Structure formats: structure tokens, C-alpha cells
Amino acid sequence: MRGSLTLKVLAFVLIPLAIQCALLASLAKLQSEAEAELKRSMHARDISDAINKITRDAYDTIATYGGLSSVSELSTDDPIFKDLFERLKRDYDELKALATDDPAILAAATKSEMEAKSALNSLIELKRSFDLKGESDRAYQKVLWKRIRASLKQVVREELAYVGEEQKHLAEKSPQIQAELRLKAQNLLIFTGAFDVFLALVLASIFVRNIVGKLNRMTDNAYMLASNLPLNPVLQGTDEISRLDQTFHKMAAELKAASKRETATFANARDIILSLEESGRVMAINPACERILRMRQQDMVGRFLVDLVVPNDLSKALDYLQMIRSAPHVPDLEVQMRDGDSNMVHVLWSGQWSQEENSFFLVIHDISDRKQAEELKREVISMITHDLRTPLSTINSILDLFNQGHHAKFEAKGLDLLKVAARNAQRMMVLINDLLDIEKISAGSMQLELEPLSIEKFFADCRDATWSFAEETGVQLVFLPMPLTVMADHQQLERVLSNIVSNAIKFSEKGCKVTVEARQQDGFVEISVKDEGPGIQPEMLETIFDKFQQAPNTSAKVKGGSGLGLAISKSIVELHGGKIWVRSEIGRGSTFTFSVPSAVDWLPSDD
């Protein structure tokens, strides 16, 4: 009983099955012996019958030709003589066929047959003597007659008669032997059946007691675990139930450890974690409320949470609690609450409703620092807009005047330095504009002026804006316009394409080609820019559209770039409802593709 449950079940099934198999084998053996005995009986009876036929036919011959007078009247062509002759021959053939496997009977049959043949031959010779000499050769005829009678007597020899009696005795004894075999089979069947039933009951009792006892113990363990009581000792053994109990104990230990970790996490979490009754009263809350809301745990329990929400956000808070009861996924809610000192606290609510427990579960995250950072960010953007952009615009204007020769004259070296200053000032202005645009997009304040835009006109405008840069760098610029129309903001979309084309030119070597093309695809127009540059590293493909991301080891640092162009392009494309992506292979260039809605679905039909 120390083996596995599978082994126990197999033993419970296989032991009675083995006994049944042994019983069947024994019954089959007894049946085989009975059949063999029946065959021996029938064989013995057949041999006895064959010997009796020989004896009968021999006596019939003696009776038919019992005197010289009957011999004198014998004719070898007589049907009676021929019949006797054939009968004896058949009798001996039958006996020898039956005695094939018994040498003693076969030898006796052979000798008897030889005597029968000798008698018949002598009988034929006697007939021939009568036919030739009549009764003149009486002495010789008597000798032949005596020989015939002696041979006929030898036909049924004592040993052949003994064999016949013995075979007859075997045939008569066979029913008794078969009855004994049937009795043995019956006794064996009764005994084995009774033993099999007894053994099955014993095995079932042991098996059930062992299994049920262990299952009851596991049931107790489950109840004790649910009641937070100590478990029964671990079951020892290698069977499945013992291993299950051992696993159950490990699971219980892990659950207790997890409960301790959960309790520690709940107690030490920086966010407020709480549960609310259906009415909105606080049932349980962690100590983080003392740090965020300046209130003790015991003061929070039993209080309505919405009482701490500022009046302006009260309706939002109530609507949020109602929404999370009916929808599985509800966006987090930003509200303002007042702490125990009546100070304003910006928090983020993340909630879930439990139908089983009929209660709310909320996590309240303090976002006051984030709000302060956003306010600081707005101040910085405002400073950039008013305190930095305006002076830069003035500096750019002055540098342009100097470059045009107004108000001052410079030597060749001074003009070069003037161009560098103008270029750097322009780069600063581009960076400021990009930052402002990123902020507008993030704040959702960038508005698009959508209108039908011809791809051919769109490509022509982009060519006019980028051809001089391509000519300066020695890059061939190829536009493949298509008669397509998109619904887009012309200025913003041109900014996206110009930015991508400029990047392709920037990262292409002299003599390379940049190809721009468009195609219709599932209600969108996909615009692709393919270059023959060095390609983008695989690890950069996922982040190339993030802010301040540039491909490493390129000429970007030499030719400039803020790292915001692709991020802005991605945001503008997504504002149009499209997507942007890149495919690249090191050493074989890159292909940037973006999609914008086709104007076909926007424009009214001819009908």
C-alpha cells in the first residue's frame, strides 16, 4: 500500500483478474482432457468395432465354406466369395488406419491379415485341385482343408481379441472419466469463485479504507485552512493522494506567506487601498491615509468617502462609483479631496466593483507632485514662448539684416561666423517650435483643418521645399505621384512628409536616391519614403518615433536634429486617424510609411 494510487488500482484489478485467468486456464485444461478422453473413447470403440467386424467376417467364411462339399461348389467368380474377400480387405484397411499411432495393434492386425490372406489363397488352391483332379487327390485336398481351417482360426488371434476387449473396456470406462473431469471443473469453478469474491472484498476493504481515510484527512485540511487552523500532519507516501496532500501543505504555506506579504504590502503601500460598502462607507483602509489625507485609520472606517471630495468634484466621484458598478473597465478618475487639515490634495481613483462581496475596492494615488510638475511645465512652456521665443526671433531678424549687408559690413571670416550664428539661432527656434507643438499635441489643443488634398499637388509642394537640400547633398529626389486624394490638414501633413524626406536626404550618401510614392489601401492612402542610407539598428525600430530618439553612429550630430521630428510626425499622423511605421535593413536603407484617410469615403457621391 506504499505504492502509487495507479499501482494500487492496478493491483486491485489485476489480482482478481489473474485468478480468473488461472481459473480459465485450468478449465481449459480440464476441457482439453475431457475432449481428449472423448476422442480416445471413440477411437477405442472404433478399433473394437473393426476387430469385431474382422471376427464376424472370419466366422462367416468358416460358416460358408465349412466342408469339402461346400468348397467343391466354390467359384472364385461367385459374388458371395468376392464380397467376403472385399469385406475382409476393407476390415483390415480400416483397422490398420485406426492403429497407425499404436504399433502393437498395428502388428497384430498385420499378422491377422497375413493369416486371412493365407487362408483365402489356400481356399483358392483347394478349389483348383477339385477342378483339375476331382476327388482323386483326396489326401492333398484334406491337407489343404486342414491348413485353411487352421489359418481361419489364426485370423482372430488371442492378442487381437485381447486388443479388442481392451479397447472395448476403454470405451466403456470413458464416460466415468469424463464425469470425473466435469466434477473437477465444477469444484474448481466453485472454489475459485468463492476465493475470488473473498479476495475482492478484502482488497476493496483495504483499498477503500486507505483511500477514503486519506481523502477525509484532506477534507479536514481544507476546512482547517479555510478556518485558519493548524493542518493535520503531512501524509507520508508516494501515491497520488499523499503527493496531493504534500502539495496542499506547500500551497497552504505559500498562501500564508502570500497573506503575510499582502498584509505587509497593504500596510506599507504608499497609495491608499480601501474597500467601501455599497452605500459608500469605508469598511477597511490601509495606513497610507495618515500620510496622504492626514487622518487615522480608525477615523476613516465608517465614514463616507465622498464627504472628503471637494464640492466641485462630488458629482464626478458619485458618477464614477456608479459607472464601475456597471462596466468592467472604467478610466481612472482625477478628483480633489481635502485632508484632515483642510488642505487640497489631488488624487487619482482606480476602482473595481465586486458583485460577490457587494462592495467597492479603490486605490487612491496621490498625484499632487505630478500636478505641481505639470504646473511647472506650463510655466516653463510659457517662459519659452514669451521670454525665449521673442528674443530669438529678434536675434534671427538682426542676423538676417547683417547677412543682407545692412547696418554693418563684415570680412569673409566674419560672414562665416555670422552664418553659423544664424544657423544655430534657427535650430534653437525649430527646437522651441517643436517643443511647443509636442505640448499642444499632448494637451489635445492642436486642431486640424481637414480638407480634400491632392497627392500630386502635395508631392509637388514637398519637392519645392526639399529639392535645394537634396541638390546641396548630392542626393537624387524622386516623387512618384498618383491621382489620389486624402482628407488631411495640408500644412501639418506637409510638415510630416517634409520632415521624413529631409531625414532620408540627411542620412543618404552622395549619389543615393530617395523615392516618394503613394498607394490606395483599405480606405487609406499609404505614403512611403524609401532611402538608400545605412539603415536603422533593429533595436531602434521600436523607439525611433519616441521623443529625443536618434539613430546612433550617424551624421545626425553633424547635420543637426532635435530628436523631436519623428515624434511630432507620429502624433500628427495619429491625429489624422492613421499610422506610421518603418522597415529597415542594415546597409540597404529604410522605408518610412504613414497612412492618412482617403477622401473617397469623405466626399459625397455623385448620387
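1. A word on areas to begin with: accessible areas come from the Shrake-Rupley method with a 1.4 Å probe, and for residues only the protein chains shown count as cover. On that basis the protein exposes about 36,300 Å², and carbon and sulfur atoms supply 56% of it.

2. Please keep in mind that this is a predicted model, where local features need pLDDT of at least 70, side-chain atom pairs count only at pLDDT 80 or more, and totals for chains, interfaces and linings use all residues. Residues are numbered from 1 along each chain as its sequence is written, and side-chain values use heavy atoms, with hydrogens and water left out.

3. Now the overall make-up. The protein has 16 helices and 12 strands; helices (H or I, at least four residues) and strands (E, at least two) are DSSP runs, numbered from the N terminus. Of its 607 residues, 36% are buried, where buried means under 20% relative accessible area, exposed over 50%, and partly exposed in between (1.4 Å probe, protein chains only). Taking contact as heavy atoms within 4.5 Å, residues 24 or more positions apart account for 63% of the contacts with a separation of 6 or more.

4. Which residues touch the most other members of the largest nonpolar core? They are Ile455, Phe459, Leu497, Ile527 and Phe594, in a core of 43 residues. A nonpolar core here is a set of buried Ala, Val, Leu, Ile, Met, Phe, Trp, Tyr and Cys residues joined through side-chain atoms within 4.5 Å. Helix α14 (residues 490-506) gives the largest share of this core, with seven residues. There is also a second, separate core of 30 residues, and Val282, Ala317, Leu321 and Val347 are among them.

5. Leaving out residues up to four places away in sequence, Leu497 touches Phe458, Phe459, Cys462, Val516, Ile527, Val529 and Phe594. Ile500 is in helix α14 and counts as buried because its relative accessibility is 2%. Beyond its neighbours within four places in sequence, Ile500 is in contact with Val529, Leu566, Ile580, Phe592 and Phe594. Ile500 and Leu566 are 66 residues apart in sequence, yet their C-alpha atoms are 7.5 Å apart in space.

6. On to two strand residues. Thr515 lies in strand β9 (residues 513-521) and, at 16% relative accessibility, counts as buried. Setting aside residues up to four places away in sequence, Thr515 touches Val478, Leu480, Ser528, Val529 and Lys530. Ser359 belongs to strand β5 (residues 359-366) and is buried too, at 1% relative accessibility. With the residues up to four places away in sequence left out, Ser359 touches Leu276, Met283, Gln352, Trp353 and Ser354.

7. What about the cysteines? With a disulfide taken as a pair of cysteine sulfur atoms within 2.5 Å, the count comes to zero. Cys289 counts as buried because its relative accessibility is 0%, and Cys512 counts as buried at 13%.

8. Finally, the surface. Leu10, Val13, Leu14 and Leu17 make a nonpolar surface patch of about 340 Å². Patches are made of residues with over 30% relative accessible area and no salt bridge, joining like charges within 9 Å and nonpolar side chains (Val, Leu, Ile, Met, Phe, Trp, Tyr) within 5 Å; a salt bridge is a side-chain nitrogen of Lys or Arg within 4 Å of a carboxyl oxygen of Asp or Glu. Leu14 sits in helix α1 (residues 5-64) and counts as partly exposed, at 44% relative accessibility.
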